[in-house]
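Keep the viewer open as you read.

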Amino acid sequence: MFPIDQYHRASSVEHACSLLAEYPGRKLIAGGTDVLIRLREGKSGFSSLIDIHDLDELTWINHTADGTLQIGSGVTFTQLINYLKNDSLLPALVEGSSSIGGPQVRNMATLGGNICNGATSADSAAPLLAFNARITLKSQSGTREVPVEDFYAGPGKVHLEPDEIVTTFSINQEDHQNTGSHFYKYAMRKAMDIATIGCAAVCRIEENRIQSLRLAYTVAAPVPTRCHVLEEQVNGQPVSGKLIRDIAAMVLEELSPRNSWRASKDFREHIIRTLADRVVTEAIIRAGGQL
Ligand SMILES: Cc1cc2nc3c(=O)[nH]c(=O)nc-3n(C[C@H](O)[C@H](O)[C@H](O)COP(=O)(O)OP(=O)(O)OC[C@H]3O[C@@H](n4cnc5c(N)ncnc54)[C@H](O)[C@@H]3O)c2cc1C
(Lines give C-alpha, C1' and ligand atoms only; values in the text may rest on other atoms or scores of the structure.)
Protein backbone atom coordinates (compact mmCIF):
# COMPACT_ATOMS: atom_id res chain seq x y z
CA MET A 1 0.00 0.00 0.00
CA PHE A 2 1.16 3.51 -0.82
CA PRO A 3 0.63 6.24 1.81
CA ILE A 4 -1.44 8.54 -0.45
CA ASP A 5 -3.18 11.44 1.39
CA GLN A 6 -4.99 13.18 -1.49
CA TYR A 7 -5.59 12.02 -5.06
CA HIS A 8 -7.17 13.88 -7.97
CA ARG A 9 -7.55 12.49 -11.48
CA ALA A 10 -7.20 15.25 -14.10
CA SER A 11 -9.51 14.84 -17.10
CA SER A 12 -7.59 17.30 -19.33
CA VAL A 13 -4.56 19.59 -19.29
CA GLU A 14 -6.85 22.49 -18.42
CA HIS A 15 -8.27 20.49 -15.52
CA ALA A 16 -4.75 19.62 -14.33
CA CYS A 17 -3.82 23.34 -14.42
CA SER A 18 -6.91 24.28 -12.42
CA LEU A 19 -6.20 21.52 -9.85
CA LEU A 20 -2.59 22.75 -9.52
CA ALA A 21 -3.87 26.32 -9.01
CA GLU A 22 -6.45 25.15 -6.47
CA TYR A 23 -4.11 22.84 -4.54
CA PRO A 24 -0.60 24.33 -4.61
CA GLY A 25 2.14 21.86 -3.69
CA ARG A 26 0.37 18.81 -5.03
CA LYS A 27 2.56 16.52 -7.11
CA LEU A 28 1.82 15.57 -10.69
CA ILE A 29 2.05 11.86 -11.40
CA ALA A 30 2.43 10.60 -14.99
CA GLY A 31 3.92 7.09 -15.28
CA GLY A 32 4.64 7.08 -11.56
CA THR A 33 7.97 5.22 -11.88
CA ASP A 34 9.75 7.95 -9.90
CA VAL A 35 6.86 9.36 -7.85
CA LEU A 36 5.67 6.04 -6.45
CA ILE A 37 9.18 5.10 -5.35
CA ARG A 38 9.58 8.42 -3.52
CA LEU A 39 6.13 7.97 -2.00
CA ARG A 40 6.96 4.48 -0.78
CA GLU A 41 10.22 5.81 0.69
CA GLY A 42 8.13 8.32 2.66
CA LYS A 43 9.69 11.42 1.02
CA SER A 44 7.75 14.57 1.88
CA GLY A 45 5.72 16.27 -0.85
CA PHE A 46 4.75 13.07 -2.65
CA SER A 47 1.59 11.99 -0.82
CA SER A 48 -0.89 14.40 -2.46
CA LEU A 49 -1.17 13.65 -6.14
CA ILE A 50 -2.69 15.01 -9.33
CA ASP A 51 -2.82 12.19 -11.84
CA ILE A 52 -2.14 13.08 -15.52
CA HIS A 53 -1.39 9.52 -16.63
CA ASP A 54 -2.56 8.70 -20.18
CA LEU A 55 -4.29 12.04 -20.93
CA ASP A 56 -5.06 12.12 -24.67
CA GLU A 57 -3.67 15.66 -24.96
CA LEU A 58 -0.26 14.50 -23.70
CA THR A 59 0.15 11.19 -25.48
CA TRP A 60 0.51 12.10 -29.14
CA ILE A 61 3.48 12.55 -31.47
CA ASN A 62 3.17 14.56 -34.68
CA HIS A 63 4.86 16.83 -37.20
CA THR A 64 3.66 20.41 -37.61
CA ALA A 65 3.34 22.00 -41.08
CA ASP A 66 6.91 23.38 -40.85
CA GLY A 67 8.26 19.90 -40.02
CA THR A 68 8.73 20.43 -36.28
CA LEU A 69 8.53 17.13 -34.41
CA GLN A 70 6.26 17.45 -31.37
CA ILE A 71 6.17 14.84 -28.63
CA GLY A 72 3.56 14.97 -25.85
CA SER A 73 5.06 14.87 -22.36
CA GLY A 74 2.95 11.82 -21.47
CA VAL A 75 4.31 9.67 -24.30
CA THR A 76 5.91 6.55 -22.82
CA PHE A 77 9.36 5.44 -23.89
CA THR A 78 7.90 2.35 -25.56
CA GLN A 79 5.59 4.56 -27.65
CA LEU A 80 8.42 6.97 -28.45
CA ILE A 81 10.86 4.24 -29.51
CA ASN A 82 8.25 2.58 -31.75
CA TYR A 83 7.30 5.86 -33.43
CA LEU A 84 10.86 7.05 -34.05
CA LYS A 85 12.11 3.65 -35.22
CA ASN A 86 9.21 3.30 -37.61
CA ASP A 87 10.13 6.59 -39.31
CA SER A 88 13.92 6.16 -38.87
CA LEU A 89 14.07 9.39 -36.89
CA LEU A 90 16.47 10.65 -34.19
CA PRO A 91 18.58 7.50 -33.63
CA ALA A 92 20.26 9.06 -30.57
CA LEU A 93 16.88 9.57 -28.89
CA VAL A 94 15.88 5.99 -29.73
CA GLU A 95 19.14 4.79 -28.17
CA GLY A 96 18.71 6.96 -25.08
CA SER A 97 15.09 5.86 -24.62
CA SER A 98 15.94 2.19 -25.17
CA SER A 99 18.55 2.31 -22.40
CA ILE A 100 15.96 3.26 -19.77
CA GLY A 101 15.15 0.53 -17.23
CA GLY A 102 13.56 -2.59 -18.68
CA PRO A 103 10.45 -3.13 -20.84
CA GLN A 104 8.03 -2.76 -17.91
CA VAL A 105 9.58 0.57 -16.90
CA ARG A 106 9.60 1.84 -20.51
CA ASN A 107 5.91 0.87 -20.84
CA MET A 108 5.03 3.23 -17.97
CA ALA A 109 7.78 5.86 -17.80
CA THR A 110 7.14 9.06 -19.75
CA LEU A 111 9.44 11.53 -21.47
CA GLY A 112 7.98 14.35 -19.35
CA GLY A 113 8.65 12.51 -16.09
CA ASN A 114 12.23 11.73 -17.12
CA ILE A 115 13.04 15.42 -17.63
CA CYS A 116 10.86 16.90 -14.86
CA ASN A 117 12.52 14.83 -12.12
CA GLY A 118 15.65 16.91 -12.78
CA ALA A 119 18.06 13.96 -12.58
CA THR A 120 21.44 14.55 -14.20
CA SER A 121 21.36 10.85 -15.16
CA ALA A 122 18.11 11.02 -17.18
CA ASP A 123 18.81 8.99 -20.29
CA SER A 124 16.61 11.06 -22.59
CA ALA A 125 18.28 14.32 -21.55
CA ALA A 126 21.55 14.17 -23.54
CA PRO A 127 19.76 13.32 -26.82
CA LEU A 128 17.16 16.06 -26.22
CA LEU A 129 19.91 18.62 -25.56
CA ALA A 130 21.86 17.50 -28.63
CA PHE A 131 18.73 17.83 -30.80
CA ASN A 132 18.13 21.36 -29.42
CA ALA A 133 14.74 20.28 -28.03
CA ARG A 134 12.40 22.84 -26.48
CA ILE A 135 9.85 22.28 -23.76
CA THR A 136 6.36 23.82 -23.57
CA LEU A 137 4.81 24.52 -20.16
CA LYS A 138 1.22 25.46 -19.36
CA SER A 139 -0.51 26.96 -16.37
CA GLN A 140 -3.67 28.95 -15.81
CA SER A 141 -1.63 32.11 -16.46
CA GLY A 142 -0.47 31.03 -19.91
CA THR A 143 2.05 29.07 -21.95
CA ARG A 144 5.82 29.39 -22.19
CA GLU A 145 8.55 27.62 -24.09
CA VAL A 146 12.19 27.10 -23.05
CA PRO A 147 15.10 25.07 -24.41
CA VAL A 148 15.35 21.80 -22.45
CA GLU A 149 18.92 22.83 -21.62
CA ASP A 150 17.66 25.94 -19.76
CA PHE A 151 14.96 23.98 -17.94
CA TYR A 152 17.54 22.41 -15.62
CA ALA A 153 18.13 24.45 -12.47
CA GLY A 154 20.52 22.26 -10.42
CA PRO A 155 20.81 18.70 -9.11
CA GLY A 156 17.27 17.30 -9.03
CA LYS A 157 15.83 20.74 -9.80
CA VAL A 158 14.07 22.20 -12.84
CA HIS A 159 12.52 25.58 -13.59
CA LEU A 160 8.96 24.32 -13.14
CA GLU A 161 6.57 26.61 -11.29
CA PRO A 162 4.27 24.86 -8.79
CA ASP A 163 1.23 25.56 -10.99
CA GLU A 164 2.83 24.44 -14.28
CA ILE A 165 2.58 21.29 -16.34
CA VAL A 166 4.93 20.29 -19.16
CA THR A 167 2.87 19.52 -22.24
CA THR A 168 5.20 19.13 -25.22
CA PHE A 169 8.76 18.63 -26.43
CA SER A 170 9.54 20.17 -29.84
CA ILE A 171 12.46 19.58 -32.17
CA ASN A 172 12.86 21.71 -35.31
CA GLN A 173 13.28 19.90 -38.59
CA GLU A 174 16.65 21.59 -39.25
CA ASP A 175 17.94 20.30 -35.91
CA HIS A 176 17.52 16.65 -36.86
CA GLN A 177 17.06 16.29 -40.63
CA ASN A 178 20.18 15.20 -42.56
CA THR A 179 22.13 14.64 -39.37
CA GLY A 180 23.93 11.62 -37.94
CA SER A 181 23.38 10.98 -34.27
CA HIS A 182 24.40 8.53 -31.57
CA PHE A 183 23.88 8.07 -27.83
CA TYR A 184 25.82 5.78 -25.53
CA LYS A 185 25.17 5.09 -21.87
CA TYR A 186 28.10 3.79 -19.87
CA ALA A 187 26.83 1.97 -16.79
CA MET A 188 28.15 -0.78 -14.56
CA ARG A 189 25.47 -3.21 -15.75
CA LYS A 190 24.24 -3.61 -19.31
CA ALA A 191 20.58 -3.13 -18.32
CA MET A 192 18.54 -1.75 -15.42
CA ASP A 193 21.28 0.56 -14.24
CA ILE A 194 21.74 4.29 -13.77
CA ALA A 195 24.28 5.89 -16.13
CA THR A 196 27.83 6.43 -14.89
CA ILE A 197 28.11 8.75 -17.91
CA GLY A 198 25.78 9.25 -20.89
CA CYS A 199 26.81 10.97 -24.11
CA ALA A 200 24.90 12.07 -27.23
CA ALA A 201 26.23 13.64 -30.42
CA VAL A 202 24.33 15.05 -33.39
CA CYS A 203 26.27 16.22 -36.41
CA ARG A 204 25.84 17.35 -39.97
CA ILE A 205 28.63 16.81 -42.50
CA GLU A 206 29.24 18.62 -45.79
CA GLU A 207 32.12 17.72 -48.08
CA ASN A 208 33.62 15.77 -45.21
CA ARG A 209 33.73 18.83 -42.95
CA ILE A 210 31.78 19.31 -39.73
CA GLN A 211 28.97 21.66 -40.66
CA SER A 212 27.58 21.41 -37.14
CA LEU A 213 28.25 19.26 -34.10
CA ARG A 214 26.21 19.23 -30.89
CA LEU A 215 27.58 17.19 -28.01
CA ALA A 216 25.82 16.63 -24.67
CA TYR A 217 26.53 14.61 -21.54
CA THR A 218 24.65 13.30 -18.54
CA VAL A 219 26.24 12.75 -15.10
CA ALA A 220 29.26 14.79 -16.22
CA ALA A 221 28.09 17.87 -14.27
CA PRO A 222 25.29 18.68 -11.78
CA VAL A 223 22.85 18.90 -14.71
CA PRO A 224 22.82 17.49 -18.25
CA THR A 225 25.29 19.66 -20.16
CA ARG A 226 26.05 20.74 -23.74
CA CYS A 227 29.67 21.36 -24.77
CA HIS A 228 29.05 24.68 -26.52
CA VAL A 229 32.65 25.95 -26.64
CA LEU A 230 33.91 22.70 -28.11
CA GLU A 231 31.08 22.71 -30.66
CA GLU A 232 32.05 26.22 -31.82
CA GLN A 233 35.68 25.21 -32.18
CA VAL A 234 35.07 22.13 -34.33
CA ASN A 235 32.46 23.59 -36.67
CA GLY A 236 33.95 23.93 -40.16
CA GLN A 237 36.85 21.53 -39.42
CA PRO A 238 37.66 18.68 -41.81
CA VAL A 239 36.79 15.23 -40.52
CA SER A 240 39.96 13.40 -39.45
CA GLY A 241 41.40 11.19 -36.74
CA LYS A 242 43.20 14.25 -35.38
CA LEU A 243 39.90 16.11 -35.03
CA ILE A 244 38.44 13.25 -32.99
CA ARG A 245 41.54 13.19 -30.75
CA ASP A 246 41.29 16.99 -30.31
CA ILE A 247 37.61 16.68 -29.34
CA ALA A 248 38.43 14.00 -26.74
CA ALA A 249 41.25 16.19 -25.38
CA MET A 250 39.06 19.34 -25.17
CA VAL A 251 35.84 17.86 -23.85
CA LEU A 252 36.57 18.04 -20.13
CA GLU A 253 36.99 21.83 -20.18
CA GLU A 254 33.21 22.35 -19.97
CA LEU A 255 32.34 19.46 -17.67
CA SER A 256 32.71 18.86 -13.94
CA PRO A 257 32.12 15.21 -13.04
CA ARG A 258 32.17 14.29 -9.36
CA ASN A 259 33.16 11.46 -7.09
CA SER A 260 30.30 9.26 -5.96
CA TRP A 261 29.89 5.72 -4.73
CA ARG A 262 29.17 4.73 -8.34
CA ALA A 263 32.43 6.00 -9.80
CA SER A 264 35.38 8.26 -9.01
CA LYS A 265 35.87 11.63 -10.71
CA ASP A 266 39.01 10.28 -12.45
CA PHE A 267 37.15 7.28 -13.82
CA ARG A 268 34.27 9.46 -15.01
CA GLU A 269 36.76 11.77 -16.78
CA HIS A 270 38.25 8.77 -18.54
CA ILE A 271 34.79 7.62 -19.67
CA ILE A 272 33.87 11.15 -20.82
CA ARG A 273 36.95 11.32 -23.09
CA THR A 274 36.43 7.79 -24.37
CA LEU A 275 32.78 8.49 -25.20
CA ALA A 276 33.67 11.77 -26.91
CA ASP A 277 35.84 9.73 -29.28
CA ARG A 278 33.40 6.84 -29.83
CA VAL A 279 30.09 8.70 -29.90
CA VAL A 280 31.27 11.56 -32.12
CA THR A 281 32.96 9.07 -34.49
CA GLU A 282 29.73 7.07 -34.83
CA ALA A 283 27.63 10.21 -35.34
CA ILE A 284 30.02 11.41 -38.06
CA ILE A 285 29.88 8.04 -39.84
CA ARG A 286 26.08 8.01 -39.62
CA ALA A 287 26.06 11.52 -41.11
CA GLY A 288 28.05 10.25 -44.08
CA GLY A 289 31.49 11.44 -42.95
CA GLN A 290 34.62 9.46 -43.75
CA LEU A 291 37.45 8.97 -41.29
C1 LIG B 1 13.28 0.07 -11.98
C2 LIG B 1 13.52 1.46 -12.53
C3 LIG B 1 14.53 1.63 -13.45
C4 LIG B 1 14.76 2.92 -13.97
N5 LIG B 1 15.77 3.06 -14.89
C6 LIG B 1 16.02 4.27 -15.42
C7 LIG B 1 17.05 4.43 -16.40
O8 LIG B 1 17.73 3.48 -16.79
N9 LIG B 1 17.25 5.68 -16.90
C10 LIG B 1 16.50 6.76 -16.51
O11 LIG B 1 16.73 7.87 -17.03
N12 LIG B 1 15.51 6.64 -15.59
C13 LIG B 1 15.25 5.43 -15.04
N14 LIG B 1 14.27 5.29 -14.10
C15 LIG B 1 13.57 6.47 -13.63
C16 LIG B 1 12.18 6.70 -14.27
O17 LIG B 1 11.64 5.53 -14.82
C18 LIG B 1 12.24 7.79 -15.35
O19 LIG B 1 12.78 9.00 -14.86
C20 LIG B 1 10.85 8.05 -15.95
O21 LIG B 1 11.00 8.62 -17.23
C22 LIG B 1 9.97 8.95 -15.12
O23 LIG B 1 8.74 9.12 -15.82
P24 LIG B 1 7.32 8.90 -15.12
O25 LIG B 1 6.29 9.19 -16.11
O26 LIG B 1 7.25 7.56 -14.47
O27 LIG B 1 7.42 10.05 -14.02
P28 LIG B 1 6.61 10.24 -12.68
O29 LIG B 1 7.16 9.31 -11.64
O30 LIG B 1 5.16 10.20 -12.91
O31 LIG B 1 7.05 11.75 -12.37
C32 LIG B 1 8.42 12.09 -12.18
C33 LIG B 1 8.51 13.59 -11.84
O34 LIG B 1 8.12 14.37 -12.96
C35 LIG B 1 6.98 15.19 -12.63
N36 LIG B 1 6.17 15.21 -13.85
C37 LIG B 1 5.80 14.13 -14.59
N38 LIG B 1 5.15 14.53 -15.69
C39 LIG B 1 5.10 15.88 -15.64
C40 LIG B 1 4.55 16.89 -16.49
N41 LIG B 1 3.93 16.57 -17.64
N42 LIG B 1 4.69 18.18 -16.14
C43 LIG B 1 5.33 18.52 -15.00
N44 LIG B 1 5.85 17.61 -14.15
C45 LIG B 1 5.74 16.31 -14.47
C46 LIG B 1 6.34 14.54 -11.44
O47 LIG B 1 5.61 15.46 -10.66
C48 LIG B 1 7.57 14.02 -10.72
O49 LIG B 1 8.20 15.06 -10.01
C50 LIG B 1 13.99 4.03 -13.55
C51 LIG B 1 12.97 3.82 -12.62
C52 LIG B 1 12.73 2.57 -12.13
C53 LIG B 1 11.62 2.37 -11.13
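## Around the ligand

Sorted by type, the residues of the shell around the ligand come out as 16 nonpolar, 11 polar and three charged. The classes work like this: Ala, Val, Leu, Ile, Met, Phe, Trp, Tyr, Cys and Pro count as nonpolar, Asp, Glu, Lys and Arg as charged, and the others, Gly among them, as polar. Bear in mind that this is a predicted model, where local features need pLDDT of at least 70 and side-chain atom pairs count only at pLDDT 80 or more, while totals for chains, interfaces and linings use all residues. Numbering runs from 1 along each chain as its sequence is written.

The ligand is surrounded by 30 residues, the closest being Gly31, Thr33, Gly113, Asn114 and Cys116; a residue is near a molecule or strand if its C-beta atom, placed from the backbone, lies within 6 Å of it. Two or more shell residues come from each of β2 (27-29), α2 (35-41), α5 (103-108), α6 (111-116) and β10 (165-171). Which element gives the most to the shell? That's α6, with four residues. Helices here are DSSP runs (H or I, at least four residues), and so are strands (E, at least two), numbered from the N terminus.

## Domains

Domain 1 and domain 2 each supply at least three residues to the shell around the ligand.

## One side of α3

Helix α3 (residues 77-86) has Phe77, Gln79, Leu80 and Leu84 buried. They sit on the same side of α3 because they cover an arc of only 155 degrees around the axis, taking the directions from the helix axis to the C-beta atoms. A residue is buried if 20 or more other C-beta atoms lie within 10 Å of its own, exposed if 12 or fewer, and partly exposed in between, with C-beta atoms placed from the backbone.

What do the buried residues of α3 pack against? Their partners are β5 (69-72), α4 (91-98), α5 and α6, where contact means C-beta atoms, placed from the backbone, within 7 Å. Just after α3, Ser88 has a positive phi of about 50 degrees.

β6 (residues 134-139) pairs with β7 (residues 142-147) in the antiparallel sense, over six bridges; strands pair if DSSP finds at least two bridges between them. The two are joined by a hairpin through two residues, and Thr136 stands opposite Glu145 in β7. β6 also pairs with β10, again antiparallel, over five bridges. There, Lys138 stands opposite Ile165 in β10.

## Loops and a helix residue

Two loop residues are worth a click. Asp54, in the loop between β3 (48-51) and β4 (61-63), has a positive phi near 65 degrees. Asp54 counts as exposed because it has 12 other C-beta atoms within 10 Å. Glu207, in the loop between β12 (197-206) and β13 (209-218), has a positive phi of about 50 degrees although it is not a glycine. Glu207 is exposed too, with 8 other C-beta atoms within 10 Å.

His15 belongs to helix α1 (residues 13-22). Is His15 buried or partly exposed? His15 is partly exposed, as 15 other C-beta atoms lie within 10 Å. The C-alpha atoms of His15 and Glu149 are separated by 28 Å, and the two residues are 134 residues apart along the chain.

Key
Domains from an automatic or database assignment. Contact = placed C-beta atoms within 7 Å.
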